Amino acid sequence: MPIIINPDTDNFRDRITTVEDDGSRKWIFAKKPKGSFYNKRTVASILYLIVFFGLPWIQYHGEPFFMLNVVQRKFIIFGLHFGVQDLIVFGLAMLTGVVFIVLFTVIFGRLFCGWACPQTIFMEMVFRKIEYWIDGDMQQQRNLAKSEWNSEKIRKRVIKYVIFFFLSFLIANTFLSYIIGLPELKKIITEPVSEHIIGLMAILLFTGAFFAVYAFLREQICIVACPYGRLQGVMLDKNSIVVAYDYIRGEPRGKMKKEDTKPLGDCIDCKACVHVCPTGIDIRNGTQLECVNCTACIDACDDIMIKVNKPTGLIRYASENNIAKGTKLKFSGRIIAYTLVLLALLTLLIFTFVNHSVVDASILRTPGQFYQENPDGTISNLYNFKVANKQNKVMDIKFELDHHAGSIKIVGNDKIVIDAGSEKQGQLFIIMPQNVKMEKKQKLKIKLMNNGEEIETISTTFMAPVTE
Ligand code: SF4
Ligand code: SF4
């Protein structure tokens, strides 16, 4: 929903700001932002980084609190174990995530990109800060890039890229610890190389990828590669809140001259908003795909407005309708519908999380079998059982009948020991004394015990001759 300000100068749509006329990459040298939004984003980023680097260190009952092991298909989310058997939970979580993203974007535009996206946080709040520290601000960076390869340039480049590489290594290790868990990662780092060739290759691969992203690809990830950015065009509408230029107040733009009699808008065409933009765009051209809502232009423009004694907020969080008609956020039918769907999905997701079990177990009467009348007068039914251990540790399983009169006998080995992440199946008998009053198809409950602790209750039925 781009805003056309001046069709004569509307040629920015014909090109990408990061591509030169000859097709080569145009390097963006963004001016160092400063201001209240930047300070708030710095605080938010610090919290984000603490969580990102800290979460893999948290252990719960001797296991990672959070682990997404896609290789072995073992997942621990907030201490709860999930396995391949929980496909429905993942499907539900993904669906909820998609609806949330759509709803969030419809209302708040790309707020996520500026405040919570790992790419923006690492690029703008970690790597670019280091770059400012080593290479200086926009102009010094430009000068350095243009200068000959002298000792100063070599020194600065080496320091910068060594730090970038080290940080990429740190991110790669943290990223990997989310997949395999910290204990496994420690083994890869501390044990002989020959024992962990694949693990080490993964670390180097991730390090190389992160280094390439933050040292060279940078804003290209948001502009070219990110699917979320591409989807903006279909999700935003005129009520979506985005970082926007108030063209009603700002136009006609122009530098203030004493002799000027022509009335001008509040924009003094200083281009401070353009200079700070990490994706190289001019927000005065309207909402653009490249804008990651980093708020740097808001701070830059507010600073200018204060200097020229005008109200701040010429660039601000606003919707197109808010700027054009002064309307506040309206809850459209689309927003209400998304919200209801999201609430329903969230309720379902919370329900499945709360009722989540560390095992996936089933006990079903063996097909084709009725009841057996044993020589000692007892009645027995044969069952097939299957128990999947979703935990990262061995389970010592016992079945207990939740009925005072009967008993359970496992066919074969009485001990059911299930390794971490694997499953066992077998057969068992439920045996009932002859004189117990039962229905023809008696409902029973079987408790699943792990090391003496009840972890699940399974319902089944018991076939018996009808007793008078
Ligand atoms: S910073 Fe503000 S005043 Fe300066 S060009 Fe941008 S919108 Fe206009
Ligand atoms: S236009 Fe403003 S908010 Fe958007 S990326 Fe550029 S500086 Fe950030």
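Asn-239 counts as buried, at 11% relative accessibility (buried is under 20% relative accessible area, 1.4 Å probe, protein chains only). What we're looking at is a predicted model, where local features need pLDDT of at least 70, side-chain atom pairs count only at pLDDT 80 or more, and totals for chains, interfaces and linings use all residues. Residues are numbered from 1 along each chain as its sequence is written, ligands are numbered from 1 in the order in which they are written, and side-chain values use heavy atoms, with hydrogens and water left out.

Back to Asn-239: you'll find Asn-239 in the loop between helix H10 (227-235) and strand E6 (242-245); helices (H or I, at least four residues) and strands (E, at least two) are DSSP runs, numbered from the N terminus. Leaving out residues up to four places away in sequence, Asn-239 touches Ile-107, Ser-319, Asn-321, Leu-329 and Lys-330, with contact meaning heavy atoms within 4.5 Å. With Asn-321 there's also a side-chain to side-chain polar contact at 3.1 Å (a pair of N or O atoms within 3.5 Å, one able to donate a hydrogen and the other to accept it).

Now the two ligands. A residue is near a ligand if one of its heavy atoms lies within 4 Å.

| Ligand | Residues around it | Closest residues |
|---|---|---|
| Ligand 1 | 13 residues | Cys-267, Cys-270, Lys-271, Cys-273 and Cys-301 |
| Ligand 2 | 13 residues | Cys-277, Cys-291, Val-292, Cys-294 and Cys-297 |

Helix H12 (272-275) and helix H13 (296-307) each give two or more residues to the ligand 1 shell.

As for confidence, the protein chain has a mean pLDDT of 89, and 96% of its residues reach 70 or more (pLDDT is the predictor's confidence in each residue, from 0 to 100). Watch residues 1-5, though, where pLDDT stays under 50.

Methods. Buried < 20%, exposed > 50% of the residue type's maximum accessible area, 1.4 Å probe, protein only.
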